[in-house]
Amino acid sequence: MGIQPFFFSVFLLLFHSTAAAPVGVCYGIVADNLPPASNAVKLLKSNGISNIRLFNTDPDTLKPFSGTGIQLMIGVPNEVLPSLATGTVNTSLDWLQSNILAYVPSDQVRYIAVGNEVFLKDPFYTPYVLPSIVSLYQALQILGLADKIKLSSPHAASVLSSSSPPSTGTFDPYIRAVMIPYLQFLEDHELPFLLNVYPYISYINDKEHIPLEYALFGSGTKVQDGGLTYTNLFDASIDAFSWAMEREGFGGVTVVVAETGWPRAGGEAATPENALAYNGNVTSRALKSVGTPKRPGVGVEVYVFDLFDENLKSGDEYEKHFGIFEHDGAKAYDISFN
């Protein structure tokens, strides 16, 4: 006996609503002591990690992923944006084919992250973000891939001028002129808003107002925002962006966390235990589709930073110590991705 269309549709709706949100890992390579990429791929597969974010198109890193089935978010470096934005569609087409599709099949490319934290943090490239995305989208249309490969640009939490409580979420007025057309493009083409969010950094910069347990998914702190109750900074940060987009008329745009993590050394509260508490909760909540107070039951896709420590990273010492795995493949702490 066949399934009636109505009941089949209900089944699909229920299945979709309870399906685990994808969980990935960021694979940074700013280091001189990393194992070969082929070893990293074996490590990922042995740990059931099927989604990876790469920050550039380094061929030696990309090639070993070919044919593995691992889904990729691949970054377009900021410095490439001017040539894509000011060139023709053929410029973007050539770039895609030469830098990505020459090394991995298109069915493994889930996202292309166009630039990284450009608005406010790297403002020289701000005018080039949306034109680059438009040009790459047109190139993907020519290739018949525009509905399969999603384009977006990861943003830092600092693009909000207000975020606490989350319902006050507002984009910085300085970037509103570029943010609104960017959001319009995302909405028009059903593309996600990519967000890099680090409660660790928020905590160390404002310990007077942010309890450590609130940053680490502890149970002792609750923040009331109208009828919504927040028990952790991760949820509050995501919902602040949802509110900010809703305030501008783009409430239907979904948030994907393209980068988040907690360091295990190199700074205050940077320990393996705290890294496990944070990253473990982030991954388990995605796998269980917990969602956020504003969007309960809607799992948030996340990419945890970082696969390995990166000893050549600049900035504060803790930035070198986000690695989930040691270079020999051993886990730095007992986290599960499935």
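Predicted model: local features only at pLDDT ≥ 70, side-chain atom pairs only at ≥ 80, totals over all residues.
Helices and strands here are runs assigned by DSSP, numbered from the N terminus.

Let's begin with one residue. Asparagine 196 lies in strand E9, residues 193-196. Is asparagine 196 buried or exposed? Its relative accessible area is 2%, and buried means under 20%, so asparagine 196 is buried.

What does its side chain meet? There is a polar contact of 3.1 Å between the side chains of asparagine 196 and asparagine 116. A polar contact of 3.0 Å links the side chain of asparagine 196 to that of glutamate 117. Setting aside residues up to four places away in sequence, asparagine 196 touches residues including Arg53, Pro154, His155 and Glu259.

Stay with glutamate 117 for a moment. Glutamate 117 sits in the loop between strand E4 (109-114) and helix H6 (126-143). Its phi is positive, about 50°, although glutamate 117 is not a glycine. Glutamate 117 counts as buried because its relative accessibility is 16%, and the cut-off is under 20%.

Now back to E9, and both of its faces. In a regular strand the side chains alternate between the two faces of the sheet. In E9, Phe193 and Leu195 are on one side, with Leu194 and Asn196 on the other. All four are buried, and both faces of E9 are covered.

Which sheet does E9 belong to? Nine strands form an open sheet, in the order E5-E4-E3-E2-E1-E13-E12-E9-E6. The pairing is parallel. The edges are strand E5 (150-152) and strand E6 (155-156), each pairing on one side only. Strands of a sheet pair through backbone hydrogen bonds, either parallel or antiparallel.

E6 and E9 pair in the parallel sense, over two bridges. Histidine 155 has leucine 195 in E9 as its bridge partner. On to the next pair. E9 and E12 are parallel as well, over four bridges. Here leucine 195 stands opposite valine 257 in E12.

Next, strand E1. Four bridges join E1 to E13, and the two run parallel. Glycine 24 has tyrosine 303 in E13 as its bridge partner. E1, residues 23-27, also pairs with strand E2, residues 51-54, in the parallel sense over three bridges. In E2, cysteine 26 is partnered by arginine 53, and tyrosine 27 by leucine 54.

How many residues of E1 are buried? Five of its five. Val23, Val25 and Tyr27 point one way, while Gly24 and Cys26 point the other way.

What lies across E1? Helix H11, residues 272-287, does. H11 also lies across strand E12 (255-260) and strand E13 (302-305). The helix runs at about 165° to E13.

Rolling a probe the size of a water molecule over the atoms shows where empty space is left. How many cavities of 30 Å³ or more does a search of the whole structure find? One. The largest cavity has a volume of about 60 Å³. Its lining includes Phe234, Asp235, Val282, Arg285 and Ala286. Helix H10 (233-247) and H11 are the elements that give two or more residues to that lining. The largest share, three residues, comes from H11.

Serine 289 is in the loop between H11 and E13. Serine 289 has a positive phi of about 50°, although it is not a glycine. Serine 289 counts as buried because its relative accessibility is 7%.

Another backbone detail. A cis peptide bond joins serine 164 and proline 165, with omega about -5°. Proline 165 is in the loop between strand E7 (160-162) and strand E8 (170-171).

One last stop: leucine 84, in helix H4, residues 81-86. Leucine 84 has a relative accessibility of 1%, so it counts as buried. Which residues is it in contact with? Beyond its neighbours within four places in sequence, leucine 84 contacts Val76, Thr91, Ser92, Trp95, Ser132, Ser135 and Leu136. Take serine 132 from that list. Leucine 84 and serine 132 are 48 residues apart in sequence. In space they are 5.2 Å apart, C-alpha to C-alpha.

That's the tour. Thank you.

Notes. Residues numbered from 1 in each chain as written. Heavy atoms only, no water. Buried < 20%, exposed > 50% of the residue type's maximum accessible area, 1.4 Å probe, protein only. Polar contact = N/O pair within 3.5 Å; in protein donor to acceptor, adjacent residues only side chain to side chain. Contact = heavy atoms within 4.5 Å. Pairing = 2+ DSSP bridges. Axes fitted to C-alpha atoms, helices over the stretch in contact; angles between N-to-C directions. 1 Å grid on protein atoms, 1.4 Å probe; cavity = no way out; pocket = protein on both sides within 12 Å on 5 of 7 lines; lining within 4 Å. Points joined across faces, edges and corners; volume = space filled by probe spheres on them.
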